[in-house]
Amino acid sequence: MLSYNLKLALQSFKRAPSLYFLVLLTLSIGVGLLCANLALVSSMAGDPIAEKSDTLFHVSMNTWPGEQPPAEPFHLLRYRDAMQISNSNIAKHSAIFYASGVYARDAQATSLKRFDSNVRATTPGFFALTKAPFAHGSAFAKSSGMEVVIGDELNKKIFAGSNSVGKTLELDGELLTIVGVLKPWFLRPLFYHATEGRAFNLTDDIYVPLETAIDLGWSNHARTSSTVSYKGIEFSRDRNVFYLQAWVQLENSAEQQAFQSYLDGYSQTLQDAGEHPHAIRNELRDVNAWLAQLKIVDQKVLAFTLASVLFLCVCVFNASSLLLSRFHSAKFEVGLRRAIGASNKHLLLQGLTESALLGLIAGVFSLLLSWLFLKLSTEFLPDLANLAVLEPKLLLLGMVLALCTAISSALYPLYRANRYTISAELK
Amino acid sequence: MLIMNNVSRIYRNDTIQTHALRDFSLAVKSGEFVAVTGPSGSGKSTFLNVAGLLDNFDQGEYTLDGVSVHGLKDDELSKLRNEKIGFIFQNYNLIPDYSIFDNVDMPLRYRGFNNAERKRRVEQALEKVGLASRASYLPSQLSGGQQQRVAIARALAGEPKILLADEPTGNLDSLMARQVMELLHNLNKEGTTIIMVTHDPDQAKEVSRNVQIIDGEISDFRIYAPLQQQDAEQTLTPAKQMEVVDA
């Protein structure tokens with residue numbers, strides 16, 4: 001019966017192509033627009049490292065030495081506070097880092113072309129903590145040394161995607177050896193550096209040992225707060241210059257409590273030594289709590305998503321109205337089929353098969369439209385470029401939505417079609 | 001085959017209620033060819049619709065081939081329609097963009113037959129009405145008479161117990177009407193029970209029995225040859241009708 005119902009559905013489309021095209025277009029626009037918005041929301045609100053997000057904690061401390069500290073524990077740490085965390089031995093992994101930037105080129109290349117590259121100056125624990133995926137080589141083992149790990153994009157730009165481990169990069173005039181190359185790596189949001197509007201930036205091009213970057217004087221390309229003046233970052237280690245961020249991996253609540261006590265004890269020691277006058281307030285927030293605190297989901301996008309849900313409802317009503325007129329014009333055939341032995345169940349299944357087929361076609365169209373909407377969005381709002389991605393789960397959701405809306409649109413017309421007595425339908 | 005006892009059908013709207021059938025009683029035996037006549041609006045079509053389970057009735061009892069239809073669910077009624085009744089409509093009611101084969105095949109689709117069985121039955125039915133060679137044609141490529149024969153083939157394909165024909169020659173010229181009537185008579189001779197609504201008194205006389213309906217009631221009841229040439233009393237009970245027909 002399914003094949004017969006499919007045949008009838010195709011015949012029905014053939015009989016009223018303009019009407020079905022309108023229904024298709026109406027549903028596709030509604031679903032497509034909603035999917036495009038959901039793609040943005042999903043990227044913004046997604047868990048970037050779901051398998052361990054509840055064990056990774058961002059560290060904020062209240063060690064500001066001045067009289068007017070930040071209202072909340074500060075997300076930036078000075079060097080000696082950060083090192084205290086790094087040396088705690090409680091966390092399974094810890095990462096202390098800051099963001100910088102250099103111009104990079106292959107040191108052996110004859111071309112002098114350099115690539116503007118984002119740098120993450122970090123302790124080695126960063127790679128295990130973030131589960132950075134390696135294509136070749138491995139992480140550097142120490143926080144110092146003239147070694148780097150590079151991202152897939154930069155490896156493609158400079159080395160055409162080949163295994164570049166062992167090759168030398170010239171970074172702002174310094175020669176550093178590549179020890180690892182990452183696979184393509186997407187984190188949406190970029191949880192480890194979601195502050196200063198960077199939540200939807202791409203992962204970095206170059207990862208360099210923290211001490212090396214400080215020694216080389218590679219400046220911080222993000223927020224820095226200090227209570228003193230200093231010449232360069234290489235002079236920041238023993239000063240009240242707050243620019244480092246810290247993440248730790250704590251496997252269970254016992255470790256969390258131990259680490260919290262460790263931080264509080266450290267802050268207390270500082271307070272006792274007269275280094276800050278503030279209450280002891282150190283905060284650990286896991287990935288999702290941290291991203292929620294930063295409110296990285298754009299409220300305008302949320303509002304627009306809600307509006308597109310309402311728009312989809314309007315589309316369903318319109319499609320339903322079109323299908324009602326179609327089913328009304330097919331009343332005679334419905335009556336005839338019932339007269340010769342089709343039950344209401346047969347006709348309902350026939351109608352549902354038709355709507356399901358319509359929904360599947362609308363699904364394909366709506367995903368194409370979603371892609372188009374996202375493309376247009378990034379044309380007008382380039383900041384959305386890294387967010388406007390249709391992930392497989394959204395492709396699936398789009399198909400399911402199209403299927404559901406097509407079936408919903410047909411429910412009332414189907415109810416109406418089977419409501420009359422057969423003799424009335426045949427008149 | 002068909003027994004209606006005091007069946008009433010009332011149509012209501014906000015202000016008026018119309019008795020389309022009023023205490024209507026009729027019995028039709030297996031193998032009979034019954035003509036139903038009467039002026040327009042007398043209730044002929046309502047009777048045929050109720051008999052064919054295309055419309056509900058408000059009071060009375062109706063038994064079709066031993067099954068009391070009162071209170072049956074939609075799928076049970078559909079099964080009865082599909083297996084026991086064949087419809088022939090005045091306007092043929094063929095689907096214009098289906099081939100003749102597909103039109104005849106339609107009721108068999110809901111019967112659950114496999115492809116081979118459906119094909120056999122469709123071909124047999126088309127053979128019976130003399131249109132086997134036109135299976136791939138569209139209805140618009142056939143004359144009115146041929147289209148009505150396709151409708152008859154569709155009604156016959158499911159091998160129903162009873163054929164219900166609503167003015168089957170109403171849209172045909174006399175020559176084609178004659179062909180269709182001959183076909184119906186042949187089917188009746190082969191044992192098919194037929195109830196036919198008609199305006200044509202000559203056609204009514206050609207059949208075994210004529211039931212005249214006026215204002216939703218049987219006003220006249222005649223038995224014609226070859227059964228028995230006899231005037232019968234009006235509005236007989238189904239049991240009495242059976243007795244008269246048997247006499």
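## Chain B: burial and overall make-up

Of the 247 residues in chain B, 46% are buried, where a residue counts as buried if 20 or more other C-beta atoms lie within 10 Å of its own, as exposed if 12 or fewer do, and as partly exposed in between, the C-beta atoms being placed from the backbone. This is a predicted model, in which local features need pLDDT of at least 70 and side-chain atom pairs count only at pLDDT 80 or more, while totals for chains, interfaces and linings use all residues. Residues are numbered from 1 along each chain as its sequence is written, and chains are lettered from A and ligands numbered from 1 in the order in which they are written.

Chain B has eight helices and eleven strands; helices (H or I, at least four residues) and strands (E, at least two) are DSSP runs numbered from the N terminus. Among the contacts in chain B between residues at least 6 apart in sequence, 67% join residues at least 24 apart, a contact being a pair of residues whose C-beta atoms, placed from the backbone, lie within 7 Å.

Four strands of chain B form an open antiparallel sheet in the order 2-1-4-5, with two strands counted as paired if DSSP finds at least two bridges between them. The edges of this sheet are strand 2 (17-28) and strand 5 (67-68) of chain B, each of which pairs on one side only. Strand 1 (residues 2-12) of chain B is joined to strand 2 of chain B by eight bridges in the antiparallel sense, and Met4(B) has Leu26(B) as its bridge partner in strand 2.

Helix 2 (residues 74-84) of chain B has Ser78(B), Arg81(B), Asn82(B) and Lys84(B) as its buried residues. These residues pack against helix 10 of chain A as well as against strand 4 (59-64), strand 6 (85-88), helix 3 (100-109) and strand 7 (162-166) of chain B. Arg118(B), placed in helix 4 (residues 115-128) of chain B, counts as partly exposed because it has 19 C-beta neighbours inside 10 Å. Not counting residues up to four places away in sequence, Arg118(B) touches Asp105(B), Leu108(B) and Phe113(B); from Arg134(B), 16 residues away in sequence, Arg118(B) is separated by 17 Å, C-alpha to C-alpha.

## The contact between the chains

Chain A contributes 16 residues to the contact and chain B contributes 18 residues. On the side of chain A that touches chain B, at least two residues come from each of helix 1 (2-15), helix 10 (331-339), helix 11 (344-380) and helix 13 (422-426) of chain A. By class, that side of chain A has six nonpolar, seven polar and three charged residues, where Ala, Val, Leu, Ile, Met, Phe, Trp, Tyr, Cys and Pro count as nonpolar, Asp, Glu, Lys and Arg as charged, and the others, Gly among them, as polar.

Chain A is assigned domain 1 (2-47 + 298-426) and domain 2 (62-281), with bounds that come from an automatic or database domain assignment. The C-alpha centres of these two domains of chain A lie 49 Å apart, and five residues of domain 1 are in contact with five residues of domain 2. The side of domain 1 that touches domain 2 has two nonpolar, three polar and no charged residues.

Helix 9 (residues 299-329) of chain A has 31 residues and reaches 45 Å from its first C-alpha to its last, close to the expected 45 Å, the expected span being 1.5 Å times one less than the number of residues. Its buried residues are Ser308(A), Leu312(A), Cys315(A), Val316(A), Ala319(A), Leu323(A) and Phe327(A), and they pack against helix 2 and helix 12 (392-417) of chain A.

## Strand 3 of chain A

Strand 3 (residues 93-106) of chain A is mostly covered, with ten of its 14 residues buried. The strand runs antiparallel to strand 11 (residues 241-249) of chain A, to which five bridges join it, and there Ile96(A) has Ala246(A) as its bridge partner. Strand 3 also pairs with strand 4 (residues 115-122) of chain A over eight antiparallel bridges, Val102(A) standing opposite Ser117(A). With strand 7 (residues 168-171) of chain A, strand 3 makes three bridges in the antiparallel sense, and Asp106(A) stands opposite Leu169(A).

Note on methods: Contact = placed C-beta atoms within 7 Å.
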